[in-house]
Amino acid sequence: MRIIDFRSDTVTKPSPEMWEVIKSMDNSKLGDDVERDDPTVLELEAKAAKVVGKDAALFVTSGTQGNLISLLAQTTPGEEILVDEQSHIYKWEVGGAARMGGLMVRTFPSNKGMFNPNNLQSLIRPHDDIHQPITSMICLENSQNYYGGIALPTSLFKETRDFADQNHLKLHVDGARIFNAAIARKIDVKEYTKFVDSVQFCLSKGLSCPIGSIIAGSHEFIDSAIKWRKMLGGGWRQAGIIASMGVVALEQKWIDRLSVDNQLAKNLGTILSGMDLPINIPEPDTNILMVEVPTHLDMPKLEHSLESAGIRTHAMGQRIRIVTHSGINQDDIEYSAQIISDVIRKSVL
Ligand SMILES: Cc1ncc(COP(=O)(O)O)c(C=O)c1O
């Protein structure tokens, strides 16, 4: 049976170019990254720092680890951080901020990731009140996964930076898919990252690497992050084997390729919207398409019916989340639209 895997862009496998690089590797390109002498890891980190316009970068095992290290390196236990109520850090990172960082995590609502930072003023704890913790950080997420891969405007980054400065806060962005967002907005990623103290982005999503994320920021931040990474068990040794694929992934043509994923999500949305189904599909900014289905549909059952028909997705609330990536092409989109439509029609009967 033909299987189309839309569960996430994390299912991507290395590109032929990445395999070529692996095949041409030898021991001269490897070292011990805990000793900070793996030349390929150092090459990747230097390249990554340049791409996002920061002083330094660190190769970490995952987006979750990168976000957590960014929090640990820039806060002190007992402090409070502000995050969107639908953010990945709050909802899907196992409460690491609280468990590992001793942080109070305070959420704020938004309109699909959009908010006026000045409206958060009442959440900032007064420094001179001995009863209250210190608010020390605010986090953005871009693209915003839960709201459907929204590509935030740079104006929100600027306004949040100003607000952070006024209130002595650090600003972190969970940029797991920040290149999809930058491409959707037709800007260089630095137009976002110039406003933040730290950025985490994933190599293992649309950029198609098998493993790994990058965190980037000042030298001081990365010096501290190296130690936190070690504490979390993320000190790896001949990591150049996997870093070599990250070096390929950060070539401009691979980053630019993400526009194809963004377009395929739009194409699927357009086809499904024209099929006279009882669904609503907000036009996606990036590579995440959310298909809103009627409230009476049982989502685990719908997800299972799609899976049985070869279409792998994840249900998210009363929505089917479809993520496009380098393993999907236009023919897959047209084929899937027909299957998805058939399954939804049968399910609503
Ligand atoms: C927005 C966002 N942040 C962070 C992560 C975590 O990345 P990882 O799965 O590499 O830990 C994800 C994963 O899907 C994500 O969607």
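Buried residues make up 55% of the 349 residues in the protein chain, and this figure, like the others here, was computed from a predicted model. The secondary structure of the chain consists of 14 helices and twelve strands.

As for overall dimensions, the C-alpha atoms fill a box of roughly 60 × 55 × 35 Å when it is taken along the principal axes. The radius of gyration of the protein chain is 21 Å, which agrees with a compact globule, because a globule of 349 residues would have a value near 20 Å. Among contacts between residues at least 6 apart in sequence, 74% join residues that are at least 24 apart.

| Property of the protein chain | Value |
|---|---|
| Positive side chains | 36 |
| Negative side chains | 44 |
| Distance between the centres of the two charge sets | 2 Å |

E35 is placed in the loop between α1, which spans 16–23, and α2, which spans 39–52. Is E35 buried or exposed? E35 counts as exposed because its relative accessibility is 56%, and the cut-off for that class is over 50%. E35 also illustrates a separation in sequence set against a distance in space: E35 and W236 are 201 residues apart along the chain, while their C-alpha atoms are 9.5 Å apart.

Technical notes. Residues numbered from 1 in each chain as written. Predicted model: local features only at pLDDT ≥ 70, side-chain atom pairs only at ≥ 80, totals over all residues. Heavy atoms only, no water. Helix = DSSP H or I, 4+ residues; strand = E, 2+ residues; numbered from the N terminus. Rg over C-alpha atoms; globule rule 2.2 N^0.38 Å. Buried < 20%, exposed > 50% of the residue type's maximum accessible area, 1.4 Å probe, protein only. Contact = heavy atoms within 4.5 Å. Lys, Arg positive; Asp, Glu negative; His and termini not counted. Charge placed at Lys NZ, Arg CZ, Asp CG, Glu CD.
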